[in-house]
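Biologist: Could you take me through this model feature by feature, giving the general idea before each case?

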Amino acid sequence: MRKEINILFIKNQAEEISLAVNYLRKAGFDVLYDVITEPEELKERLLEGNHDLVISDPKLARISASMALTIMRTLGFDIPMIIMANGDNENLVAALKAGAFDYIEKDRLYRLPKMVKDVLRIRALERPVSYTHLTLPTN
């Protein structure tokens with residue numbers, strides 16, 4: 001059974017996005033995605049969409065992963081973020097300290113499907129359980 005996932009990419013490298021999406025599709029995900037490179041676009045997409053995951057570069061010209069996490073939390077969104085890094089240690093560490101879920105090196109994207117499955121599994125465990133469908137016996 002295929003799992004639909006809606007990803008928001010904060011990236012400017014179309015080739016890396018395509019590679020990530022292909023790995024996820026080969027692993028059985030139906031991938032929907034948006035791509036942004038500006039803080040204003042992030043706000044718009046968050047308010048318009050229903051994203052399951054954010055995959056971000058540590059830092060682009062006008063937005064960093066840690067800035068994106070701050071914007072997301074300010075707007076009330078708690079969406080897990082995976083950093084796609086390639087040696088940018090300072091910004092990577094800042095993003096992890098700001099609350100990014102994990103990081104993956106760009107030359108190890110074949111590991112992305114397992115990481116995404118782990119994120120989704122953990123998120124499902126963190127969601128509150130609703131017992132409103134149960135009826136209590138009355139005496």
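Biologist: Is S56 buried or exposed, and what is its relative accessibility?

Modeller: Relative accessible area is computed with a 1.4 Å probe, with protein chains only, and a residue is called buried under 20%, exposed over 50% and partly exposed in between. S56 has 0% relative accessibility and therefore counts as buried. This is a predicted model, in which local features need pLDDT of at least 70 and side-chain atom pairs count only at pLDDT 80 or more, while totals for chains, interfaces and linings use all residues. Residues are numbered from 1 along each chain as its sequence is written, and side-chain values use heavy atoms, with hydrogens and water left out.

Biologist: Where does S56 sit, and which residues is S56 in contact with?

Modeller: Contact means heavy atoms within 4.5 Å, whereas helices (H or I, at least four residues) and strands (E, at least two) are DSSP runs numbered from the N terminus. S56 is placed in strand β3, and, leaving aside its neighbours within four places in sequence, S56 is in contact with I10, K11, A65, M81, I82, I83 and M84.

Biologist: How many residues of strand β4 are buried, and which way do they point?

Modeller: In β4 (residues 81-85), five of the five residues are buried, so the strand is largely enclosed by the rest of the structure. M81, I83 and A85 point one way, I82 and M84 point the other way, and all are buried.

Biologist: Which strands pair with β4, and over how many bridges?

Modeller: Two strands pair if DSSP finds at least two bridges between them. Strand β3 (residues 53-56) runs parallel to β4 and is joined to β4 by three bridges, with M81 of β4 as the bridge partner of V54. Between β3 and β4 the chain crosses through helix α3 (residues 65-74), and this β-α-β crossover is right-handed, a term that applies if, with the strands pointing away from the viewer, the path from the first strand over the helix to the second runs clockwise. Strand β5 (residues 102-105) also pairs with β4 in the parallel sense, over four bridges, and D102 in β5 is the bridge partner of I82.

Biologist: Which residues of α3 are buried, and what do they pack against?

Modeller: In α3 the buried residues are A65, A68, L69, I71 and M72. They cover an arc of only 165 degrees around the axis, which puts them on the same side of α3. These buried residues pack against β1 (3-10), α2 (39-48), β3, β4 and α4 (89-98), whereas the face turned away from the buried side carries the exposed residues T70 and T74. After α3 comes G76, whose phi is positive, near 90 degrees.

Biologist: What span should helix α1 have, and which of its residues are buried?

Modeller: The expected span of a helix is 1.5 Å times one less than its number of residues. With 13 residues, α1 (residues 14-26) should span 18 Å at 1.5 Å a residue, and its end C-alpha atoms are 18 Å apart, which agrees. E16, I17, A20, V21 and L24 are buried in α1. Seen down the axis of α1, the buried residues fall within an arc of 130 degrees, so they line one face of the helix. The face turned away from that buried side carries the exposed residues A14, E15 and K26, and just after α1, G28 takes a positive phi of about 105 degrees.

Biologist: What unit does α1 make with β1 and β2?

Modeller: β1, α1 and β2 make a right-handed β-α-β unit. Strand β2 (residues 29-36) runs parallel to β1 and is joined to β1 by eight bridges, and I5 stands opposite V31 in β2.

Biologist: What pattern does the protein chain follow along the sequence?

Modeller: The protein chain has five helices and five strands, and reads β-α-β-α-β-α-β-α-β-α along the sequence. Of its 139 residues, 37% are buried.

Conventions. Arc of directions from axis to C-beta.
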